[in-house]
Amino acid sequence: EEACLTAAKAGLEKAHSTFQFVAPDGSACSVAEAMSAKNASKFCTGYIKGTKSRSEAKLEIPYKDKNLSGDELKQQVNKWVDYGTIERSCGDAIISCIDNPEWLDLRDKYFVLLGAGSAMGPFLVLMALGANVVAIDLDRPHVWKRLINIARESSGSITFPMKEQQDTCKNDDELYAKSGSNLFTQTPLIKDWLLNLYEGKAFTVGCYAYLDGALHVQVSLAMDAICKELTEKRPDTSLAYLCTPTDLHLIPKEAHDAAEAEYKNYASKLYCMFIRLVSRGKLLTKNAMPPIEGEGGPFYVVNGISIAQGPNYAMAKRMQHWRAVVARSRGCIVSSNIAPSTSTVSVVSNKTFAWAYEGMPFFKPFEIFAPETSNAVMSAILFHDLNNEKSAVHPKQKLSNPNELFKWGSFHGGAWRCAYEVDSLGEASVLIYFSRLAAPYAKVAVAVGAIAYAKMSGMF
């Protein structure tokens, strides 16, 4: 435990002291120096209260053109568990949320969303449940037009930073234009604004902003700098992250054993044998790894790291893991669960990923989820984590290793229990997708060929 926390603290300190913060005037200093400096300017505060009356709160999960709730949702959750798409602890968390509808009464709850408009963030769910959302997103009018209009049509509220006082805005267009902030260039000002906002209220701070390439590392560090300040200076601050299945994680022994069983099943399939042969063993790599011995172990591990996502993605996620374990060690609740592979616009815009997603379900128990399903299930797990003191996210619960925080409540979409490592599935999944597309044409070609042969043979 000590070695894990020491490494996490050292990694974060190095990042904060090495990366440069460049202010709007072009001046630069380390992120650590920027966050500790006093600032002359500050944000004003905007506020919109929804006009919709609050209805009875119940957990609903949109899934395959249906809105599941109650017993029907429980049945689907248990199907996911039995198939291996999610872990039992994840299923129990969602079912507990169904059985405790009071957890969905968010009228006195405050959620700070860093990247409020993110496709994977819980903004829509929180608004529908009447939560108080403190929204941080880019100062772009179209961003705030969407967020503010959603808030107005909800039973919740939205609070946000503004360049000028809200009452100076003559119309909605001015309101949209004066709203928002930049996580890159205004990180210290956002921190100051949040530290003084709604004093005495407990914040749950969720990190949802995502960008491609090196920008993802930069925005993750900006969010981390804010999380650091809030967890250290605002009592009862909790953190929320969405982990990716394409990472290295500790997993339950049951998941490891399931992956072993799937490997024995798939290794004898002709298609898998062919792919292994032509790739000289580089593709369809066995998922189940030997356990790692150590204090509190043995520890079972899955290697879901995707080379295609690049080192920046891995670094950004590593910083989130570091902050999660450090904050929990200091007494914070940290909800940091694995979310499934999701067909967001940013992902499927990459044709290779889109094709691979279509073919992956061939490898049991993979399933790719729509954004609205992922948002709802991950929100349910978050509500469970914030309310169930027996959850592993609570610092009172003893873990054998700090990284076991990511072991429980995983909605990994099948990545932990699949026969093969995620990074070795891509090419095989793309081939499956195109073979399915070609199948009808192949059948027609065979039929035409058979007819032609029959005519040539004098059968017709």
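Me: Buried means under 20% relative accessible area, exposed over 50%, and partly exposed in between, with a 1.4 Å probe and only protein chains counted. This is a predicted model, in which local features need pLDDT of at least 70 and side-chain atom pairs count only at pLDDT 80 or more, whereas totals for chains, interfaces and linings use all residues. Residues are numbered from 1 along each chain as its sequence is written, and side-chain values use heavy atoms, leaving out hydrogens and water. Is Trp144 buried or exposed?

Reply: The relative accessibility of Trp144 is 0%. Because the limit for the buried class is under 20%, Trp144 counts as buried.

Me: How far apart in sequence are the parts tied together by the pair of Trp144 and Phe160?

Reply: Rings of Phe, Tyr and Trp (its six-membered ring) pair if their centres lie within 6.5 Å, with planes under 30 degrees apart counted as stacked, over 60 as edge-to-face and the rest as tilted. The count comes to 19 aromatic pairs, and one of them, Trp144 with Phe160, is tilted at 5.2 Å centre to centre and 35° between the planes. Helices (DSSP runs of H or I, at least four residues) and strands (E, at least two) are numbered from the N terminus. Trp144 lies in helix H6 (residues 141–152) and Phe160 in strand S8 (residues 157–162), so the distance in sequence between the parts is 16 residues.

Me: Which kind of pair do Tyr266 and Tyr420 form?

Reply: The ring centres of Tyr266 and Tyr420 are 6.4 Å apart and the planes stand at 75°, so the pair is edge-to-face. Tyr266, at 5% relative accessible area, is buried, as is Tyr420 at 1%, and the geometry of their pair is edge-to-face.

Me: Which residue has its charged end over the ring of Tyr266?

Reply: A charge sits over a ring if NZ of Lys or CZ of Arg is within 6 Å of the ring centre and within 35 degrees of the ring normal. For Tyr266, the charged end lies 5.2 Å from the ring centre and belongs to Lys269.

Me: How many disulfides are there?

Reply: A disulfide is a pair of cysteine sulfur atoms within 2.5 Å. The sulfur of Cys418 is 9.1 Å from its closest cysteine sulfur, in Cys272, and that of Cys169 is 9.7 Å from its closest, in Cys44, both too far for a bond. By this rule the count of disulfides is zero.
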